[in-house]
Amino acid sequence: MTRFECLKAIADKVGDALVVCSAGGATTDWYHLRPSDGNFRSRTLGLVSSIGLGLALSLPDRKVIVLDGDGSALMNLCGLPTAAFAAPGNLIHIVFDNHVYESSMASITATAGPTDLVAVARGAGFPRAVWAKTVDEFARAVTDALAGSQLTFIGVRVELGRPDLPPIDVDDVENKYRFVRHIERLEGRQIFGTSYPDA
């Protein structure tokens, strides 16, 4: 089972959910499958779960999906109890676990040994934390989470490797502005203002 197959199975199911992507191959996969200004990518490994949590708390009526990797999730384990304590019912944290830091020459992560990230999420207090063992199970888990109102953690063990896709043609600064403007349109609120006085 590949990450791309899993993401392809949910690309047409997420509706107007905001999607926050971790550094790594999931970002390129997702931007190819579901191009949208509602996608935001984090270039700092580990921060995607915290960004997603902040969005979910700020926009309680909007579903927020975090696409994470095992290496990134391990770099911010304190984000799991923080999310569980806040318990936003609109946050869905997905971790694709291939047991390696794929973007940095595939050195192994702790999940190649005894560490079970779903068990960690359960222990942190996530009310729903599950492994999806097939593409269909994954799609059902995401669909159920989107329909529900419970903080959810979904782990998926996937093969190492990524498809040959063109690079994302939007730089980080433009991505940030497009993403925030997208939220402004969806929510009917102003986020970006101006520091210039009225003429």
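Two strands count as paired if DSSP finds at least two bridges between them, and strands (E, at least two residues) and helices (H or I, at least four) are DSSP runs numbered from the N terminus. Everything here comes from a predicted model, where local features need pLDDT of at least 70, side-chain atom pairs count only at pLDDT 80 or more, and totals for chains, interfaces and linings use all residues. Residues are numbered from 1 along each chain as its sequence is written, and side-chain values use heavy atoms, with hydrogens and water left out.

**View A. Strand 4 and its partners.** Strand 3 (residues 64-69) runs parallel to strand 4, and six bridges join them. Look for V66: its bridge partner in strand 4 is H93. Strand 8 (residues 152-157) is also parallel to strand 4, again with six bridges, and there H93 is partnered with F153.

**View B. The two faces of strand 4.** Buried or exposed: what are the residues of strand 4 (residues 91-97)? Seven of its seven residues are buried (under 20% relative accessible area with a 1.4 Å probe, protein chains only). L91, H93, V95 and D97 point one way, while I92, I94 and F96 point the other.

**View C. Helix 1 meets helix 7.** Helix 1 (residues 3-10) and helix 7 (residues 135-147) pack at about 45°, with their axes 9 Å apart; axes are lines fitted to C-alpha atoms over the stretch in contact, and angles run from 0 to 180 degrees between N-to-C directions. The contact (heavy atoms within 4.5 Å) is made by E5, C6, L7, A9 and I10 of helix 1 with V135, F138, A139 and V142 of helix 7.

Notes
Buried means under 20% relative accessible area, exposed over 50%, partly exposed in between (1.4 Å probe, protein chains only).
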